[in-house]
Amino acid sequence: MAKWKDSINLWNHLSIKRTLNLVHLYLGYSWSRWTKIPINAAYPFSLSIEPTTACNLGCPECPSGLKQFTRPTGKIDLSVHQKILNDVKGSVFYINYYFQGEPFLHPQFLDLIAQAKNENIYTATSTNAHFIDATMALKIIDSGLDRLIISIDGLTQETYEQYRVHGKLNKVLSATKHLIDAKKERKSSTPFLIFQFLAVRANEHEIPGVFELGKSFGIDEVRIKTAQLYDFENGNPLLPTNEKYARYQLKKDGTYRLKGNQINACWRMWSGSVLTWDAKVVPCCFDKDATHVLGDASTTDFKSIWRGASYKNFRKALLTDRQNIDICKNCSEGTKVWS
């Protein structure tokens, strides 16, 4: 029932204009795949916006937690954020306020949510839940946030901290209880709460238990997420032993490869875009260090960037030979199952 309510809530953010744009968007993508010519007469329906690159944890496969970015650390300005919303509100009806970093380290994070809700946009975010107490939980409910993903990558502190370095499982569980209680107090169906469990070797044995835990708390959904690993070809200590929970498949020669066969197309390059905290537009969430900047939305109209030469050239390269694009080589989007 909760999933149905969430789906209905999402589609309620559509207008006639946004619906027509969505149709044109898909037709343009389909035509581009067929002709190998990057046609795009419409605009994205979704965005990922990075509130901040700051993070309190040190997860081993996260450049934010490991402080390995070449780009600066910072937080998005509210006026820049509103400028972006003004540019995209005719087509965008879904924004994920997450890219790198911990969103709740932005002191005005819930103001970002309020700005988006004023434009009738569905809002989501992902958090390690270390900064949510009873007061903050009520503020989250009152902000109108539609979806909240809670990272819970272990059922004991010993397991949890093997990936969530410097993290405290008790804070995650406490935050979850505060959110459930706040929803009940406000008689609110939002935010739709998701437990997300990143499957790695250290925690894969606890996967059945996370579903039981989610049910006991009253969580709306539990998701198992496969881990993107930077060094996987010769194996990796984080690789699950159960290949079901891995993005990578063991080959006959003992090395690993990404599951499936990539096609020279990617719906993400038509359906959405990613903006860093300083309003740099990058192709997708795999460009974590913003090495493929396509424009600056703080100084340029987003629609101009979306239809500009840099975006067109990137889409053309993707349609021609996706494997030659560095950020695409470790991406599972748009793969076909091996025969």
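How many cavities of 30 Å³ or more does the structure hold? The structure, a predicted model, holds 1 such cavity. The legends below start there.

**View 1. The largest cavity and its lining residues.** The space inside the largest cavity comes to about 60 Å³. Its lining includes the cysteines Cys266, Cys284, Cys328 and Cys331. Also part of the lining are Arg268, Met269, Phe286, Phe314, Leu318, Arg322 and Ile327. Two or more lining residues come from each of helix 9 (268-271) and helix 11 (309-321).

**View 2. Helix 4 and what covers it.** Helix 4 runs over residues 109-118, and its buried residues are Phe109, Leu110, Leu112, Ile113, Gln115 and Ala116. The cover over these buried residues includes helix 3 (78-88), strand 3 (122-127) and helix 5 (134-143). Just after helix 4 comes asparagine 120, with a positive phi of about 55°.

View 3. Isoleucine 37 sits in the loop that lies between helix 2 (16-35) and strand 1 (46-49). Is isoleucine 37 buried or partly exposed? With a relative accessible area of 44%, isoleucine 37 is partly exposed, because the value falls between the 20% limit for buried and the 50% limit for exposed.

**View 4. Glutamine 196 in strand 5.** Strand 5 covers residues 192-199 and contains glutamine 196. The relative accessible area of glutamine 196 is 15%, so this residue is buried. Which residues does glutamine 196 touch, leaving aside its neighbours within four places in sequence? The contacts of glutamine 196 are Ile149, Ile150, Ser151, Ile152, Asp153, Arg223 and Lys225.

**View 5. The cis peptide bond between threonine 190 and proline 191.** Omega for this bond is about 0°. Proline 191 belongs to the loop between helix 7 (169-186) and strand 5.

**View 6. Alanine 279, a residue with a positive phi.** Alanine 279 is not a glycine, yet its phi is positive, about 70°. The loop that holds alanine 279 lies between strand 10 (272-275) and strand 11 (280-282). Is alanine 279 buried or exposed? Alanine 279 has a relative accessible area of 0% and is therefore buried.

**View 7. Alanine 290, also with a positive phi.** For alanine 290, phi is about 55°, although this residue is not a glycine. Alanine 290 is in the loop between strand 11 and strand 12 (295-296). A relative accessible area of 18% makes alanine 290 buried, because the limit for buried is under 20%.

**View 8. Glutamate 158 in helix 6.** Helix 6 spans residues 157-163, and glutamate 158 is part of it. Glutamate 158 is exposed, with a relative accessible area of 60%. Arginine 147 is 11 residues away from glutamate 158 along the chain, and the C-alpha atoms of the two are separated by 28 Å.

Note on methods. Residues numbered from 1 in each chain as written. Predicted model: local features only at pLDDT ≥ 70, side-chain atom pairs only at ≥ 80, totals over all residues. Heavy atoms only, no water. Buried < 20%, exposed > 50% of the residue type's maximum accessible area, 1.4 Å probe, protein only. Helix = DSSP H or I, 4+ residues; strand = E, 2+ residues; numbered from the N terminus. Contact = heavy atoms within 4.5 Å. 1 Å grid on protein atoms, 1.4 Å probe; cavity = no way out; pocket = protein on both sides within 12 Å on 5 of 7 lines; lining within 4 Å. Points joined across faces, edges and corners; volume = space filled by probe spheres on them.
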